[in-house]
Amino acid sequence: ASLHTPTSVYLCKPSYFCLRGRPGECPGGLRGVPCAKCRDGQTWSEGQCVDCGLSPVAWLSGILVGLAGLVAFYYIGNTEV
């Protein structure tokens with residue numbers, strides 16, 4: 001429900017966004033109606049909105065793919081036809 005229409009009812013999808021609370025208040029940093037959006041640059045994780053960022057796994061994967069690409073280009077470029 002919103003602050004201006006506290007008796008309005010909204011369907012929460014997915015259901016874990018139905019965190020209950022007073023009308024007009026969205027816990028966990030959520031916003032919008034029905035409390036289902038994080039601010040720009042944030043994502044929903046572990047019951048709250050958190051800043052987006054690349055995980056160490058993503059960085060490592062990117063580096064490994066880049067190195068594999070360099071090796072492949074080296075061999076392709078130096079192969080005799």
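**Ground rules.** For accessibility I call a residue buried under 20% relative accessible area, exposed over 50% and partly exposed in between, using a 1.4 Å probe and protein chains only. This is a predicted model, where local features need pLDDT of at least 70 and side-chain atom pairs count only at pLDDT 80 or more, while totals for chains, interfaces and linings use all residues. Residues are numbered from 1 along each chain as its sequence is written, and side-chain values use heavy atoms, with hydrogens and water left out.

**Overall layout.** I took helices (H or I, at least four residues) and strands (E, at least two) as DSSP runs, numbered from the N terminus. That gives one helix and two strands, in the order β-β-α along the sequence. I also looked up burial for the chain: 9% of its 81 residues count as buried.

**The strands.** Two strands pair if DSSP finds at least two bridges between them. Here β1 (residues 42-45) and β2 (residues 48-51) run antiparallel, with four bridges. I checked Gln42, and its bridge partner in β2 is Asp51.

**Cysteines.** Which cysteines form a disulfide? My cut-off was a pair of cysteine sulfur atoms within 2.5 Å. I found one disulfide in the structure, and it joins Cys38 and Cys49, with the sulfurs 2.2 Å apart. The torsion about the S-S bond is about -85°, so I noted this disulfide as left-handed. Cys38 sits in the segment before β1 and Cys49 in strand β2, so the bond ties together parts that are eleven residues apart in sequence. Cys38 is buried at 16% relative accessible area, and Cys49 is buried too, at 12%. Cys52 is in no disulfide; its nearest cysteine sulfur belongs to Cys38, 8.2 Å away. I have Cys52 down as exposed, with a relative accessible area of 51%.

**Gly28.** I looked at Gly28 next, which is also in the segment before β1. Gly28 and Cys38 are ten residues apart in sequence, and their C-alphas are 8.9 Å apart. Gly28 comes out partly exposed at 31%.

**Nonpolar patch.** Which residues make the nonpolar surface patch? I only let in residues with over 30% relative accessible area and no salt bridge; like charges are joined within 9 Å, and nonpolar side chains (Val, Leu, Ile, Met, Phe, Trp, Tyr) within 5 Å. A salt bridge here is a side-chain nitrogen of Lys or Arg within 4 Å of a carboxyl oxygen of Asp or Glu. Areas come from the Shrake-Rupley method with a 1.4 Å probe, and for residues only the protein chains shown count as cover. My list is Leu60, Ile63, Leu64, Leu67 and Leu70, making about 510 Å². I followed up on Leu67, which lies in helix α1 (residues 56-77) and is partly exposed at 48%.

**Aromatics.** Rings of Phe, Tyr and Trp (its six-membered ring) pair if their centres lie within 6.5 Å; planes under 30 degrees apart are stacked, over 60 edge-to-face and the rest tilted. I got one aromatic pair by this rule. The ring centres of Tyr74 and Tyr75 are 5.5 Å apart and the planes are at 80°, so I logged the pair as edge-to-face. Tyr74 is exposed at 52% relative accessible area, and Tyr75 is exposed at 55%.
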